[in-house]
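The description begins with contacts between side chains and then turns to the pocket.

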Amino acid sequence: MFTGLIREMAKVVSFQNNFLTLKAKYQPKIGDSIAINGACLTVVKVTSGTFSVELSPESQKILAMENYKDEVHMEPAMMMGDRFEGHIVQGHVDCLGTIKSIKSNGNSTDFFVSLPNEYLKYIIPKGSVTIDGVSLTVNEVLKDSFRLTIIPHTIENTLFKRYKVGTKVNLETDMFARYIYNMLKKSDKNSMSWDDVDKIMANY
């Protein structure tokens, strides 16, 4: 489980034979879960000042691998007792989004992100969405895309400063939107009691 708050920009040392080696101030242990550009990965090797995670061929097909160079977003998994700050992020990338347009608004910048139609139903106004591990609030939902408003601090300290029109990004939709959609889809009733909700939630 993650919060979508980037703890550090890790430097990419190498990516060879499915192993991504990173250099960071934070030093995980072997077996730790860590989100790299929003994808939950397992630490398989630790050396002095670096650590490595392994990306399966399946992961590489799903992820925006062009963003796994130079610097990447890094967030260690939450620990019991940690302060909960951002949104609830699982580190499970649903699909790739594409930066459709970028518009400056003076003290903020609007990023319009398109995504496959089958995932648009999970994007809701004022709900959360995670872009390359950065959890953000959706400001507007359009026909085939959504709008995010990003402040200068976020842009300067994340990969958003490198994004251009056409850039592919890892996208994780709002976990609660997915659950609620599937609960309603499985129910043939016009309304549900809390007992109904409990029975449906027991399936997850």
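In this predicted model, the side chains of D110 and N105 are joined by a polar contact of 2.9 Å. The side chain of D110 also makes a polar contact of 2.7 Å with the side chain of T149. The table sets out these two pairs.

| Side-chain pair | Polar contact |
|---|---|
| D110 and N105 | 2.9 Å |
| D110 and T149 | 2.7 Å |

D110 belongs to strand β8, which covers residues 109–114. Is D110 buried or exposed? D110 has a relative accessible area of 9% and therefore counts as buried, since the cut-off for that term is under 20%. When neighbours within four places in sequence are left aside, the residues in contact with D110 are S101, I102, K103, N105, R147, L148 and T149.

Two or more lining residues come from each of the elements β10 (134–137), β12 (145–150) and α3 (152–156). Which element gives the most to the lining of the largest pocket? That element is β10, with four residues.

In total, 15 residues line the largest pocket, and those nearest its centre are L5, V134, S135, L136 and T154.

Notes
Residues are numbered from 1 along each chain as its sequence is written. This is a predicted model: local features need pLDDT of at least 70, side-chain atom pairs count only at pLDDT 80 or more; totals for chains, interfaces and linings use all residues. Side-chain values use heavy atoms; hydrogens and water are left out. On a 1 Å grid over the protein atoms alone, a cavity is a set of points where a 1.4 Å probe fits but cannot get out, and a pocket is an open set with protein on both sides within 12 Å along at least five of seven lines; lining residues have an atom within 4 Å of a point. Buried means under 20% relative accessible area, exposed over 50%, partly exposed in between (1.4 Å probe, protein chains only). A polar contact is a pair of N or O atoms within 3.5 Å; within protein, one must be able to donate a hydrogen and the other to accept it, and residues adjacent in sequence count only if both atoms are side-chain atoms. Contact means heavy atoms within 4.5 Å.
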